[in-house]
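These are notes for a colleague who has not looked at this structure before. Please read them with the structure open.

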Amino acid sequence: MSTLSTEPRVIDVEPQPAVSVRVTLPMEGLDLGALYGKNFPLVARTVGEHGGAPAGAPFGLYHRWGPDVVDVEVGFPVAGSVNGLPALADAPPGEPGNSSLPGGRVVMATHVGPYSGLADANAKLHAWIESEGLEIAGGLWESYVDDPGATPESELRTEIFWPVAPAG
């Protein structure tokens with residue numbers, strides 16, 4: 001069962017430096033678990049090798065979701081740019097680079113439960129945004145708060161952030 005365990009709310013967030021890998025894949029046959037399983041360790045290892053440390057939960061930032069393609073950044077927030085890494089836009093395909101999570105006005109809610117319920121939770125959040133008359137202003141990102149290896153699937157917390165246009 002999918003739940004939004006917190007009522008959606010509009011908040012302002014600061015941009016957050018990050019290190020991530022950007023991946024574009026066809027939707028057909030997409031296995032997000034495998035994508036994240038490959039890239040989270042790669043990014044964490046790369047950050048550590050360059051003297052940095054993750055400064056928050058791993059995330060997936062969706063630049064595009066369907067109908068044919070998913071374009072996602074997979075990474076970790078960091079305290080500041082990690083020395084020796086290029087900007088993500090200049091990194092070779094499949095290699096980590098310095099990036100950032102967006103700042104500004106977002107709608108935020110928390111999903112509790114298995115990752116398989118996130119599509120439904122995101123659809124509910126999208127419907128809430130529309131019902132409030134808000135305008136989406138960018139791709140959403142999910143922060144995976146709990147370690148799925150140490151937390152029961154039914155208790156996994158995922159924070160969802162969806163950029164919306166400034167109040168007019």
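Are Y36 and Y144 buried or exposed? Both Y36 and Y144 are buried, where buried means under 20% relative accessible area, exposed over 50% and partly exposed in between, with a 1.4 Å probe and protein chains only. The points below start from the basis of the model and come back to this pair.

1. Basis. The model is predicted, so local features need pLDDT of at least 70 and side-chain atom pairs count only at pLDDT 80 or more, while totals for chains, interfaces and linings use all residues. Residues are numbered from 1 along each chain as its sequence is written, and side-chain values use heavy atoms, with hydrogens and water left out. Helices (H or I, at least four residues) and strands (E, at least two) are DSSP runs, numbered from the N terminus.

2. The sheet. Eight strands make up an open sheet, in the order β1-β6-β8-β7-β3-β4-β2-β5, with antiparallel pairing. Two strands pair if DSSP finds at least two bridges between them. The edge positions belong to β1 (9–13) and β5 (97–101); each has a single partner strand, so one side of each is left without a neighbour in the sheet. From one strand to the next the twist averages 35 degrees; axes here are lines fitted to C-alpha atoms, for helices over the stretch in contact, and angles run from 0 to 180 degrees between N-to-C directions.

3. Strand pairs. β2 and β4 are joined in the antiparallel sense over nine bridges, and V23 stands opposite V72 in β4. V72 in β4 is also the bridge partner of Y62. Strands β3 (residues 59–65) and β4 (residues 69–77) pair antiparallel over six bridges. Between β2 and β5, also antiparallel, there are five bridges, and A18 stands opposite S99 in β5.

4. V21. This residue sits in strand β2 (residues 16–26). V21 counts as buried because its relative accessibility is 0%. V21 and N39 are 18 residues apart in sequence, and their C-alpha atoms are 7.1 Å apart.

5. α2 lies across β1, β6, β7 and β8, and runs at about 35 degrees to β8.

6. Helix α2. α2 (residues 118–131) has 14 residues and spans 20 Å from its first C-alpha to its last, close to the expected 20 Å; the expected span is 1.5 Å times one less than the number of residues. Its buried residues are L118, A121, N122, L125 and I129. Seen down the axis of α2, these fall within an arc of 95 degrees, so they line one face of the helix; the arc is that of the directions from the helix axis to the C-beta atoms. An α-helix has 3.6 residues a turn, so residues three or four places apart point the same way. On the other side of α2, A119, E130 and S131 are exposed.

7. What covers α2. The cover over the buried residues of α2 includes β6 (104–112), β7 (141–144) and β8 (157–163). N122, with a relative accessible area of 12%, is buried. Not counting residues up to four places away in sequence, N122 touches L140, E142, I160 and W162.

8. Aromatic pairs. There are seven aromatic pairs, counted for rings of Phe, Tyr and Trp (its six-membered ring) with centres within 6.5 Å; planes under 30 degrees apart count as stacked, over 60 as edge-to-face and the rest as tilted. Y36 and Y144 form a tilted pair, 5.4 Å centre to centre with 55 degrees between the planes. This pair links distant parts of the chain, with Y36 in helix α1 (residues 32–49) and Y144 in strand β7, 108 residues apart. Y62 and W65 form an edge-to-face pair, at 5.4 Å and 90 degrees. Y62 is buried at 8%, whereas W65 is partly exposed at 47%. Y36, F40, F76, Y115 and Y144 form one aromatic cluster.

9. Backbone. Most residues other than glycine have a negative phi, and most peptide bonds are trans. G66 and P67 are joined by a cis peptide bond, with omega about 0 degrees, and P67 lies in the loop between β3 and β4. Just after α2, G133 has a positive phi of about 75 degrees.

Definitions and conventions. Contact = heavy atoms within 4.5 Å.
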